[in-house]
Amino acid sequence: MNKRSVSLWGFVGTVILTTVLSGSQGLGLTRMNLPFMLGTMFTPDRDRAKLVGFGAHFINGWIFASVYAAAFESWRLATWRLGAAIGLVHALFVLVAAMPVLPAMHPRMASEHDGPTPTKQLEPPGFLALNYGRRTPLSVILAHLLYGSILGAFYRLK
């Protein structure tokens, strides 16, 4: 695996993914703030959670870039199309499987069955993260397609 390529393009891809998701929130297309959701897993301080979550989000971006790179290495081919295909699968997994189970892992997130409490104040994302807005799945898919396309286009096989 080309670690320099994973480090550089994983960072760039994560910057683009985060920008698309943050821009989508700023434009009112979604209410989801992934770095905030991640950060509140580690701290109840809402302001600090944004910083902690941002760091965790970038670490996750590098970890996932390694997974994408492993796929490219196993296929001995890296193209923007393959990266986008992996990104689509990644986005669908996040939306269909990960988001609905997030309340079970998150100490400050209410569940679909039990409402908010003094310690569980975050709204659960629900299936396809639709609780954060009807256009949330589109934002998540677009962001992951771009992430995967960047990795596929610029990753250099070893």
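Helix H1 gives the most to the lining of the largest cavity, with four residues; helices here are DSSP runs of H or I with at least four residues, numbered from the N terminus. A cavity is a set of points on a 1 Å grid over the protein atoms alone where a 1.4 Å probe fits but cannot get out, and lining residues have an atom within 4 Å of a point. The model is a predicted one, in which local features need pLDDT of at least 70 and side-chain atom pairs count only at pLDDT 80 or more, while totals for chains, interfaces and linings use all residues. Residues are numbered from 1 along each chain as its sequence is written, and side-chain values use heavy atoms, with hydrogens and water left out.

The structure holds one cavity of 30 Å³ or more. The volume of the largest cavity is about 50 Å³, where a volume is the space filled by probe spheres set on the grid points, which are joined across faces, edges and corners. The lining of the largest cavity is made up of Thr18, Leu21, Ser22, Gln25, Met32, Asn33, Leu34 and Pro35, and H1 and H2 each supply at least two of its residues. By class, this lining has four nonpolar, four polar and no charged residues; Ala, Val, Leu, Ile, Met, Phe, Trp, Tyr, Cys and Pro count as nonpolar, Asp, Glu, Lys and Arg as charged, and the others, Gly among them, as polar.

H1 itself has 24 residues and reaches 33 Å from its first C-alpha to its last, close to the 34 Å expected at 1.5 Å a residue; the expected span is 1.5 Å times one less than the number of residues. The buried residues of H1 are Ser5, Val6, Gly10, Gly13, Thr14, Leu17, Thr18, Val20, Leu21 and Ser24, with buried meaning under 20% relative accessible area, exposed over 50% and partly exposed in between (1.4 Å probe, protein chains only). Among the elements that cover these buried residues of H1 are H2, H3 and H5.

Next come the pockets, a pocket being an open set of points with protein on both sides within 12 Å along at least five of seven lines. The largest pocket has a volume of about 460 Å³. It is lined by 19 residues, of which Leu34, Leu38, Asn60, Phe64 and Val94 are the closest to its centre. Helices H1, H2 (34-39), H3, H4 (80-105) and H5 (136-154) each supply at least two residues of this lining, and H4 provides the largest share, seven residues. The lining of the largest pocket comprises 13 nonpolar, six polar and no charged residues. The second largest pocket has a volume of about 180 Å³ and is lined by Gln25, Arg31, Met32, Asn33, Phe36, Met37, Gln121, Leu122, Glu123 and Tyr132. Its lining divides into five nonpolar, three polar and two charged residues.

Rings of Phe, Tyr and Trp (its six-membered ring) pair if their centres lie within 6.5 Å, and planes under 30 degrees apart count as stacked, over 60 as edge-to-face and the rest as tilted. By this rule there are six aromatic pairs. One of them joins phenylalanine 11 and tryptophan 62 in a stacked arrangement, at 6.0 Å centre to centre with 25 degrees between the planes. Because phenylalanine 11 lies in H1 (residues 3-26) and tryptophan 62 in H3 (residues 46-75), this pair ties together parts that are 51 residues apart in sequence. Both partners are partly exposed, phenylalanine 11 with a relative accessible area of 38% and tryptophan 62 with 35%. The rings of phenylalanine 54 and phenylalanine 58 have their centres 5.0 Å apart and their planes at 50 degrees, so this pair is tilted. Phenylalanine 54 and phenylalanine 58 are four residues apart in H3, and therefore separated by about one helical turn. Phenylalanine 54 is partly exposed at 39% relative accessible area, whereas phenylalanine 58 is buried at 12%. Ring pairs link Phe11, Phe54, Phe58 and Trp62 into a cluster.

Histidine 144, in helix H5, is buried with a relative accessible area of 6%. Not counting residues up to four places away in sequence, histidine 144 touches Leu17, Gly87, His90, Ala91 and Val94, where contact means heavy atoms within 4.5 Å. Alanine 78 is found in the loop between H3 and H4 and counts as buried at 17% relative accessibility.
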